[in-house]
Amino acid sequence: SRPRGRRRGATMHADQLFGHWDAVREGLFQALDQLTDEQLRFTPRPELRTIGAVACHIASAENGWLSHIVWRETADWPADFGVSEYTSVAALKGLLGRVHSRTKAYLATISADPPSPQVDQPIVLPWGPQVSLRWVIWHVLEHEIHHRGEIYLMLGLLGMEAPDV
């Protein structure tokens, strides 16, 4: 049986395989939309990241894994996006949207059909191990889910409800 909405003989691309990412990102945006720009500076303890810094970290990790590890656009891991440059909810959502739009456009070009899908192409990490593109994409998605949960927890500490998952 083939996935709903997929025509017989149609190629499945990685954007479909990882389509759940859209729902994850929507939940992150719903959480950010509850906040004021001032609340982005909230942190449970001074040594921990603020909500805004966590959102920047999500964008920085996605950008780093794709631009450095997958696309090899940069010789070194790119600098993290600075929280001082993204001090409003709108600016953070814009950053997250720009980074993710590049990822989504790329995933739309990658075949996920067997027998040897492009998503299983090997990628040698700069520190030695070899993983598949599929592993990298799942890793970046899981990273976002983890840190989205951190933001949801901070919403609770601020007396707000986290979006439903």
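Which residues does Leu35 touch, not counting residues up to four places away in sequence? Leu35 touches Leu40, Ile51, Val89, Leu155, Leu158 and Met160. Contact here means heavy atoms within 4.5 Å.

This is a predicted model, in which local features need pLDDT of at least 70 and side-chain atom pairs count only at pLDDT 80 or more, while totals for chains, interfaces and linings use all residues. Residues are numbered from 1 along each chain as its sequence is written, and side-chain values use heavy atoms, with hydrogens and water left out.

**Overall layout**

The protein chain has 5 helices and 2 strands. Helices (H or I, at least four residues) and strands (E, at least two) are DSSP runs, numbered from the N terminus. Read from the N terminus, the order is α-α-α-α-β-β-α. The C-alpha trace spans about 50 × 40 × 25 Å along its principal axes.

Of the 165 residues, 44% count as buried. Buried means under 20% relative accessible area, exposed means over 50%, and partly exposed lies in between (1.4 Å probe, protein chains only). Among contacts with a separation of 6 or more, 68% come from residues 24 or more positions apart.

**Nonpolar cores**

In soluble globular proteins, nonpolar side chains tend to be buried together. A nonpolar core is a set of buried Ala, Val, Leu, Ile, Met, Phe, Trp, Tyr and Cys residues joined through side-chain atoms within 4.5 Å. The largest such core holds 23 residues. Leu32, Leu35, Leu40, Ile51, Leu96 and Ile151 touch the most other members. H2, H3, H4 and H5 are the elements that give two or more residues to this core. H3 gives the most, with 6 residues. A second, separate core has 22 residues, including Met12, Ala14, Leu66 and Val140.

**Helices H2 and H4**

Helix length can be checked against an expected span, which is 1.5 Å times one less than the number of residues. H4 covers residues 89-107, and its 19 residues should span 27 Å; the end C-alpha atoms are 26 Å apart, which agrees. The 14 residues of H2 should span 20 Å, and the end C-alpha atoms of H2 are 20 Å apart, so the two values agree.

The buried residues of H4 are Val89, Leu92, Leu95, Leu96, Val99, His100, Thr103, Tyr106 and Leu107. They pack against H1 (14-17), H2 (20-33), H3 (51-70) and H5 (133-157). In H2, the buried residues are Trp21, Val24, Arg25, Gly27, Leu28, Phe29, Ala31 and Leu32. These pack against H3, H4 and H5.

**Two helix pairs**

Axes are lines fitted to C-alpha atoms, for helices over the stretch in contact, and angles run from 0 to 180 degrees between N-to-C directions. Angles under 35 degrees count as roughly parallel, over 145 as roughly antiparallel, 65 to 115 as roughly perpendicular and the rest as oblique.

The axes of H2 and H4 come within 11 Å and cross at roughly 175°. H2 is therefore roughly antiparallel to H4. On the H2 side, the contact is made by Trp21, Asp22, Arg25, Leu28, Phe29, Leu32 and Asp33. H4 supplies Val89, Lys93, Leu96, Gly97, His100, Thr103, Lys104 and Leu107.

The axes of H3 and H5 come within 9 Å and cross at roughly 175°. H3 is therefore roughly antiparallel to H5. Residues of H3 in this contact include Ile51, Val54, Ala55 and Trp65. Their partners in H5 include Leu133, Trp135, Ile151 and Met154.

The table sets out both contacts by class. Ala, Val, Leu, Ile, Met, Phe, Trp, Tyr, Cys and Pro count as nonpolar, Asp, Glu, Lys and Arg as charged, and the others, Gly among them, as polar.

| H2 with H4 | 7 nonpolar residues | 3 polar residues | 5 charged residues |

Asp22 is found in H2. With a relative accessible area of 40%, Asp22 is partly exposed. Leaving aside neighbours within four places in sequence, Asp22 is in contact with His100 and Lys104. Asp22 and Lys104 are 82 residues apart along the chain, and their C-alpha atoms are separated by 9.4 Å.

Arg102 lies in H4. Arg102 counts as partly exposed, at 39% relative accessibility. Not counting residues up to four places away in sequence, Arg102 touches Asn63, Trp71 and Glu73.
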